[in-house]
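Please open the model in your viewer and keep the selection tool at hand. The stops below say what to select next and what is to be found there.

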Amino acid sequence: MTAETLRQVFDQILPADVIREAVVRLGVQKRRRELDPVALIYSLVLVGGTWEAGRIATAVRDYFERGGTRVGASAYYKWFDAELLALVQELSKIALAYADGMPKHLPGILAGRTDWLAVDSTTVKLRPELAMVWPGCGPYAALKVHKTYSLGAENVVAYTLTPARKHDGPELRLDESWRGKGLVADLGYASFDLIRQCQALDVHFVIRRPQKWAVFLDESKGNEARSGWVGVDQAKLALTGDILPDERGIVDVDVTLGSESNPIPVRLVGIRTETEFLYFFTNLPRSTHPAAAVGMVYRLRWSIEIDNKLTKTGCQLDEITAERPVSAEILAHVAMIASILANALVHADHVERGAVGTKIVKFDRPTLHPILLWKTLVAGSHRISEMLADPSTPVDEWARLAAHLTAGAGDRNWKKSPSPMDRVKGRGAAPRAWAGGRSRISADARLK
């Protein structure tokens, strides 16, 4: 990673001029007071927290240590109000737009779409007294972050916050912006309506099959089985006598969902794991995506689970100890901005090495891992904040920081045990992508 790339990502996601303009426009500072909002934002995003010392206290301490005028706790907690919330919401939109605008890398089985998007949600427990605003699914307070994750940019490109009690499904609605893309989703999002939306918008999809959904086998499609309705309740390892796996342990047949008056033709793919069969509905053509490739596309959904770990444990989304609803919401957005920044730095390094479009590029050093990068970055967050605040920081210092992040964030398993994403994108020592051979989905990829 070069100094120019590093500085550009920081400047685009945390633009000082935009922050200063928004501070005035949104009324973050209603009167002159001893507060530098730009420096405070840098501290909030770059400094995490723990249960013992929450993000607000940790960030404000960092802000004071870098020269901010000290005030009492009762004064600085008042900074966290509706106006600051509006500011971090604007910054999150800037970060999301930047992530979505980065060059996509979609080689191999991901090619042919403008992007592939995975969807998921993650729940964060809050203090019990916040339950009136952020009700959980039980007698507790919690919020839910609904994410849309780009497999091309390897970053979150959209998210919403809701009370944890709200179901995942209604948060996913496709519009024209989805046309020509791909969707990977688990059971919580599956619905006839969603599949119809995909077909209407030319969205390729791989969706886990809900166990209670029945399918209709159609002999006219060439299935080697009798026609009729088949329910999963009849099966254990396969759909028993109606749909049997072939000699490779794979099911791949054309089926129909829905009613006779409004049928939905889809492809049903089943792949054996260590303990069971996993079934997927898809509209990917067999000519480009055999059953193993369908399973691998779904397996890439695990990337959003890794992003959840980055957000919750790396960027301290799980350490929100705020006592007011507005503060909790501010900290949720700040954690999301931090994780988007980490992912953007990793992807920028890969793009810098030529991993764009459908190209397969030979890497001569390890791919970067966002969790490792964030840990390395946080260790030097105090100095990074100073560098961002000082436009005259020498290029050599940014170059040293870039080298430090690159060395600290290298994936140690890059060669010996590459991730599914590295395999599919061919980011190994040899310029070769996963070719779509037999895929056995591991237990940790079975997700919900």
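**Salt bridges between strands and loops**

At 24% relative accessibility, D252 counts as partly exposed, where buried means under 20% relative accessible area, exposed over 50% and partly exposed in between, with a 1.4 Å probe and protein chains only. The model is a predicted one, in which local features need pLDDT of at least 70 and side-chain atom pairs count only at pLDDT 80 or more, while totals for chains, interfaces and linings use all residues. Residues are numbered from 1 along each chain as its sequence is written, and side-chain values use heavy atoms, with hydrogens and water left out.

Select R267 next, which is buried with a relative accessible area of 3%. The side chains of D252 and R267 meet in a salt bridge at 2.9 Å, N to O, the term standing for a side-chain nitrogen of Lys or Arg within 4 Å of a carboxyl oxygen of Asp or Glu. This pair links D252 in strand β8 (residues 250-257) to R267 in strand β9 (residues 264-272), 15 residues apart; helices (H or I, at least four residues) and strands (E, at least two) are DSSP runs, numbered from the N terminus.

R286 lies in the loop between β10 (277-282) and α8, 32 residues from D254. D254 counts as buried at 19% relative accessibility, whereas R286 is partly exposed at 37%.

**A buried pair and a buried lysine**

Now select D186 and R301, which are both buried and whose side chains meet in a salt bridge at 3.7 Å, N to O. D186 sits in the loop between β4 and α7 (192-200) and R301 in the loop between α8 (291-299) and α9, 115 residues apart.

Move on to K181, in the loop between β3 (155-163) and β4 (182-185). What is the nearest side chain of opposite charge to K181? It is D100, 5.1 Å away, and K181, although buried, has no salt bridge; Lys and Arg count as positive and Asp and Glu as negative, with His and the chain ends not counted.

**Helix packing**

Finally, select helix α1 (residues 3-13) and helix α6 (residues 82-101), which pack at an angle of about 135° with their axes 8 Å apart. Axes are lines fitted to C-alpha atoms, for helices over the stretch in contact, and angles run from 0 to 180 degrees between N-to-C directions. Q8, V9, Q12 and I13 of α1 make the contact with I94, A95 and Y98 of α6, contact meaning heavy atoms within 4.5 Å.
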